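Please keep the sequence and the three-dimensional view at hand while reading.

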Amino acid sequence: MTAPRPADEPLLRIERLSVRFFVRTSFFATRPIAAVSDVDLDIATGETVALVGESGSGKTTLGRATVHLVPISSGRIVFEGTDIGALDDRELRAFRQRAQVIFQDPFSSLSPYMRVGEIVEEPLVIHGPRSRAERSARVLAALEQVKLSPAAEFAETYPHTLSGGQRQRVSIARAMVLGPDYLVADEPVSMIDASSRAEILYLLKDLQAQRRLTFLYITHDLASARHFADRIAVMYAGRIVELAPAGQLVGEACHPYTKALLAAVPEPDPGNRLRQRAVVGGEPPDAGALPAGCAFHPRCPVAIAGTCERIIPPLVELGSGHQVACHLYPVGGGDGEGSVGSADGSATGDPWGDGLAEADSMTSSAARMPGSSDSG
Ligand code: SF4
């Protein structure tokens, strides 16, 4: 874990990662659930990559797999050049000090029977110094770091006396107390007041700047991903369907599903309050019975008959780190099977433009997808 590595090597490399779960359907039978399929993703040191998608898209499972919290079925996760699946117990303990998680729910992730100081100290009891005085000093420093001040007073309180935003700061302090390099932030602001969300995201940004932290930011909220992340990966049915620098993904989205997510983002403009936003119809697919071909095809208003329901589209590089998995963007940009549009979508136009409005499968109800508070 400490061997020197090339300067251009990412901190974390996900290679062809698949995660399958088996659910019991009867006393004798189980069926596989494809939570994550064939994901490749690099994350550079100090970078923030956001994973965005609906509930059940696989983003939380992918995030947890990167910190060895769920078993992987195939592929590899390489942290600083080392396959974390090959670590022995001692190496795994060392890895856990460097890779931590901030969980979504600050109300259930903190024990109501423990004082804040004990909660933050817990990782140190497992991994940190034996000296109680040293542990206490690090707990107070972590609480100060997340701006829970005076730290000594907060350390003596119980979680139920704190606001949602303060509880999430305790969760962040617990994740930070071991001095990690890599943090998975799993919907860290989805369950706290709107007024505290920006504060928590700015706090995470500050910590990142101070410590050169690397973040995997899991969210259903494209707006916060745009402002918090360097790159955004959009997941659907366990696969990354689009990946791009954050501004480029929001400004020049290519995949019909990404466009649907963007179309459903509420706009803070009173002039638009009566405008109904088009959202994609249908439900996300059952991960135990994914549609053949592109899993989005039953909901896609521009699906290519004869191709999209048969062939899974590969992720294709469009340039500048922008990748998309859609048959509208064929491999090499030439006339491959299913080639009906150019890389800029000009042959088909904007799939969420007029075609969207006319598609029977669309509804004009409230923005359902980004509004979900569940983890994927
Ligand atoms: Fe739609 Fe086909 Fe592209 Fe899937 S591959 S998003 S079904 S056009």
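L51 has I218 in β8 as its bridge partner. This pair belongs to the contact between strand β3 (residues 48-52) and β8, which pair in the parallel sense over five bridges. The model is a predicted one, in which local features need pLDDT of at least 70 and side-chain atom pairs count only at pLDDT 80 or more, while totals for chains, interfaces and linings use all residues. Residues are numbered from 1 along each chain as its sequence is written. Helices (H or I, at least four residues) and strands (E, at least two) are DSSP runs numbered from the N terminus, and two strands pair if DSSP finds at least two bridges between them.

Both β3 and β8 belong to an open sheet of eight strands, ordered β6-β7-β8-β3-β9-β10-β12-β11, with mixed pairing. At its edges stand β6 (99-102) and β11, each with a single partner strand, so one side of each is left without a neighbour in the sheet. On average, neighbouring strands of this sheet are turned by 20° against each other, direction ignored; axes here are lines fitted to C-alpha atoms, for helices over the stretch in contact, and angles run from 0 to 180 degrees between N-to-C directions.

Is T214 buried or exposed? It counts as buried because it has 23 C-beta neighbours inside 10 Å; a residue is buried if 20 or more other C-beta atoms lie within 10 Å of its own, exposed if 12 or fewer, and partly exposed in between, with C-beta atoms placed from the backbone. Leaving aside neighbours within four places in sequence, T214 is in contact with L11, L12, I43, T45, G46, E47, D181 and Y182, where contact means that the C-beta atoms, placed from the backbone, lie within 7 Å. One of these residues, D181, is 33 residues from T214 in sequence, yet the two are 6.2 Å apart in space, C-alpha to C-alpha.

Helix α1 lies across β3, β7 (182-186), β8 and β9 (231-236), and runs at about 155° to β8. Eight of the eight residues of α1 (residues 59-66) are buried, so this helix is largely enclosed by the rest of the structure. Among them are K59, R64 and T66. After α1 comes H68, found in the loop between α1 and β4 (74-79). Phi of H68 is near 65°, a positive value in a residue other than glycine. With 17 other C-beta atoms within 10 Å, H68 is partly exposed. E187 likewise is not a glycine and has a positive phi, of about 50°. This residue is found in the loop between β7 and α7 (194-211) and is buried, with 23 other C-beta atoms within 10 Å. Most residues other than glycine have a negative phi, and most peptide bonds are trans. The peptide bond from S149 to P150, however, is cis, with omega near 5°; P150 is found in the loop between α4 (132-145) and α5 (151-155).

A further open sheet has four strands in the order β2-β1-β4-β5, with antiparallel pairing. Its edge strands are β2 (30-43) and β5 (82-83), each of which pairs on one side only. Strand β1 (residues 12-24) is joined to β2 by 10 bridges, and R13 stands opposite D42 in β2.

The largest nonpolar core has 97 residues, and those with the most contacts inside it are A50, L143, A173, A233 and V234. Such a core is a set of buried Ala, Val, Leu, Ile, Met, Phe, Trp, Tyr and Cys residues joined through C-beta atoms within 7 Å. Its largest share, six residues, comes from β2. Apart from neighbours within four places in sequence, A233 is in contact with L41, V49, A50, L51, I240 and L243.

Finally, 14 residues surround the ligand, and the closest are C294, H297, C300, C308 and C326; a residue is near a molecule if its C-beta atom, placed from the backbone, lies within 6 Å of it. The shell has 11 nonpolar, three polar and no charged residues. In this classification, Ala, Val, Leu, Ile, Met, Phe, Trp, Tyr, Cys and Pro count as nonpolar, Asp, Glu, Lys and Arg as charged, and the others, Gly among them, as polar.

Conventions. Contact = placed C-beta atoms within 7 Å.
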